[in-house]
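Dear colleague,

Please find the structure below.

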Amino acid sequence: MNGPAHAMTLGTDLPQLAPYLVLAVGGLAVMLLDAFTGGRRKDHLSLLTLLVLLGAAAAQGAVPADARGATLMGGMLAADRFSRFFNLLTVTIAMLTTVFATSVYEREGRHRADFYPLVLFASLGMMLLAAATDLLSLFLAIETMSLAVYVLVAGNRGSLRSSEAGFKYLILGAFASAFLLMGLALLYGQAGATDYAAVRRAVDAAPDGGVLLPLACGLVLVALGFKVAMVPFHMWTPDVYDGAPAYVTGFMATGVKAAAFAALLRVAWLLPPVAEVWFPLLAVLAVVTMTYGNLVALAQSGLKRMLAYSSIAHAGYLLLGVLAVLNTGRDSATAVQAAAVRDAAGGAILFYLVVYALMNLGAFGVVACLSRSRDREADAIDGYAGLSRRRPFVAATLAVFMFSLAGIPPTAGFAGKFYVFDAVVKAGLLPLAIWGVVNSLLSAYYYLRVIVVMYMRPAEGDVHDGHSWEAAFTCGVLALLVLLLGVVPGSFYALAAHTFRQMTF
């Protein structure tokens, strides 16, 4: 593209690029402010970070998303409702994470100045990953997100567990990035272009693809499977979730997973002929992922590791939704019926990701709220004994999150699983839906065990008695949202289905 034309395109795209630019410039501004201000207190960085995130949300809301097919930067990014949905979700997750982190810093009388720009840059990478419609922008986005998260995980200075978790995540993430880069290179070799539209045309022109196309998709699946904690690429999850600070773990468990599933949905629909190769493999991986996650979670004595294996299981449930989306292109249904099932499955995935973010941010927020210090986090489940009498409000919020994670009505977790399993049945995958329900029933044991400990066991030994009113209040708001989406989920689910219908690929 020549210079004037490129400048014209950039000028036209500038309003739509505003949310990304606000985060990028805001991250640099937070770094500069930290460099030019002294003192140990850094609460002004928290305020500036929240203002930047609010600015990004306002910039996204001020410019309506274009219809399906609209792109930015010469086809590098999508400007559809799908990307807008994930942009707003990412900003919300980052804001809640900032609140939880700041509450911990205020309680301990210390501030980790590098946390705030890292959250902004990681959020920028997540937003770009959800909007990527080019192989190059996909890789750059996933690396922008990953590099910032690596440092966040290892951010507890002087903590061996945190350093080990960050190092392990970095090494395994580097391998995943290598797989991704190789897969993207093979896709480029097959299509001769990097934008999704050109790759799609090349695949349609040569649907068999030989060995190259399935191999390329397999390598991309490995990288995205690593980010969503899918078996057998889950090995990093328990140690990293356990070693990272609770507020960082919540940020990873929700933001990274949401962005990776957004990318997976675009890539899955990018290569329909390869769905025949992907489908049986993904079906097996989905079953193994949710079964393994739930079985191992039963044996955990720490809340963070339990939620880590729970995260693996929830990735399996979400993969069932992806399978429902893919299966609409494989059966003999009419185009109208297939589109209806596809929109229902896509809407269920988006709805579930939002609900999953609320539940997990709240659960990890409770851990941050009750932790005494960075070296004494409220992790041991036995330490929650008698919490209903010491901290009745916090215990009630955690109970709501546990009920929702277990999928018990009238919480949003039940509605999310219902929509996913219903879409799987409509897609003609009844055995997978039944197995998902069985796994959901199995998970109820370890979630309800936490509630039993809080309400039915007296406090004894080393119990969790930390307190932070900011974190407690935020958890209460999240619990109310979980209940609200559980009681009246229909409108938001319809919005999610409409959003998925407008996805650009």
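Pro214 counts as partly exposed because its relative accessibility is 25%; here buried means under 20% relative accessible area, exposed over 50%, and partly exposed in between (1.4 Å probe, protein chains only). This proline lies in helix α8, residues 212-228; helices are DSSP runs of H or I with at least four residues, numbered from the N terminus. Pro214 and Leu186 are 28 residues apart in sequence, and their C-alpha atoms are 9.8 Å apart in space.

Please note that this is a predicted model, in which local features need pLDDT of at least 70 and side-chain atom pairs count only at pLDDT 80 or more, while totals for chains, interfaces and linings use all residues. Residues are numbered from 1 along each chain as its sequence is written, and side-chain values use heavy atoms, with hydrogens and water left out.

Backbone geometry

Most residues other than glycine have a negative phi, and most peptide bonds are trans. Ala229 has a positive phi, near 65°. This alanine is in the loop between α8 and α9 and counts as buried because its relative accessibility is 1%. The loop between α8 and α9 (237-243) also holds Pro232, which is joined to Val231 by a cis peptide bond with omega of about 5°. A cis bond also runs from Pro409 to Pro410, with omega near 5°; Pro410 is located in the loop between α15 (392-406) and α16 (412-426).

Thr291

Thr291 belongs to helix α11, residues 275-297, and is buried, with a relative accessible area of 17%. Its side chain makes a polar contact of 2.8 Å with the side chain of Trp435; such a contact is a pair of N or O atoms within 3.5 Å, where, within protein, one must be able to donate a hydrogen and the other to accept it, and residues adjacent in sequence count only if both atoms are side-chain atoms. Beyond its neighbours within four places in sequence, Thr291 is in contact (heavy atoms within 4.5 Å) with Trp435 and Asn439.

Helices α4 and α10

Helix α4 (residues 115-131) packs against helix α10 (residues 246-270) at an angle of about 20°, with the axes 7 Å apart. Axes are lines fitted to C-alpha atoms over the stretch in contact, and angles run from 0 to 180 degrees between N-to-C directions. The two helices are therefore roughly parallel, a term for angles under 35 degrees. Residues making the contact include Phe115 and Met126 of α4 and Phe251 and Arg266 of α10.

Kind regards

Note on methods:
Parallel < 35°, antiparallel > 145°, perpendicular 65-115°, else oblique.
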